[in-house]
Amino acid sequence: MKKPSVKCALLATMIAKHKWGTPITEEILLNLSAIDGDYPTARDVYADLRSEPYITYRGNRGIELNKSNFDILADILYHECGWESWVIDSRLKHYEGIKDHDWA
């Protein structure tokens, strides 16, 4: 089985542990993610995620998923992380457009 990228590992943790309306801090996200102690890379990826359209950056409070851009997140999970469409459907409960999503 292929090891997920640091970005995919962080996103998977965010999706699994996300509480709506509650950002997750960098330290907590890195501690919860399966990244084999690759903290310098993970910190860089976390910094990059802060500016992604499917993430809302809340300053010192951390980052949270931006459900208004779940179409972009679904594409990342499918094309970059190798998630199956049915897994994305089951994990992104608040993505109302998933039934009409174009996976191409």
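Trainee: What makes threonine 13 part of a helix, and which one is it?

Mentor: Threonine 13 sits in helix H1, residues 6–17. Helices are DSSP runs (H or I, at least four residues), strands are E runs of at least two, and both are numbered from the N terminus. Keep in mind that this is a predicted model, where local features need pLDDT of at least 70, side-chain atom pairs count only at pLDDT 80 or more, and totals for chains, interfaces and linings use all residues. Residues are numbered from 1 along each chain as its sequence is written, and side-chain values use heavy atoms, with hydrogens and water left out.

Trainee: Why is threonine 13 called buried?

Mentor: Its relative accessible area is 9%, and buried means under 20% (exposed is over 50%, partly exposed in between; 1.4 Å probe, protein chains only). So threonine 13 counts as buried.

Trainee: Which residues is threonine 13 in contact with, leaving aside neighbours within four places in sequence?

Mentor: Those are His18, Leu29, Leu32 and Ser33. Contact means heavy atoms within 4.5 Å.

Trainee: How many helices and strands does the whole protein have?

Mentor: There are 5 helices and 2 strands, running α-α-α-β-β-α-α from the N terminus on.

Trainee: How do you know what radius of gyration to set the protein against?

Mentor: The globule rule is 2.2 Å times the number of residues to the power 0.38, with the radius taken over C-alpha atoms. For 104 residues a compact globule would come out near 13 Å, and the protein has 13 Å, so the two agree. Its C-alpha trace spans about 35 × 35 × 20 Å along the principal axes, and 40% of the 104 residues count as buried.
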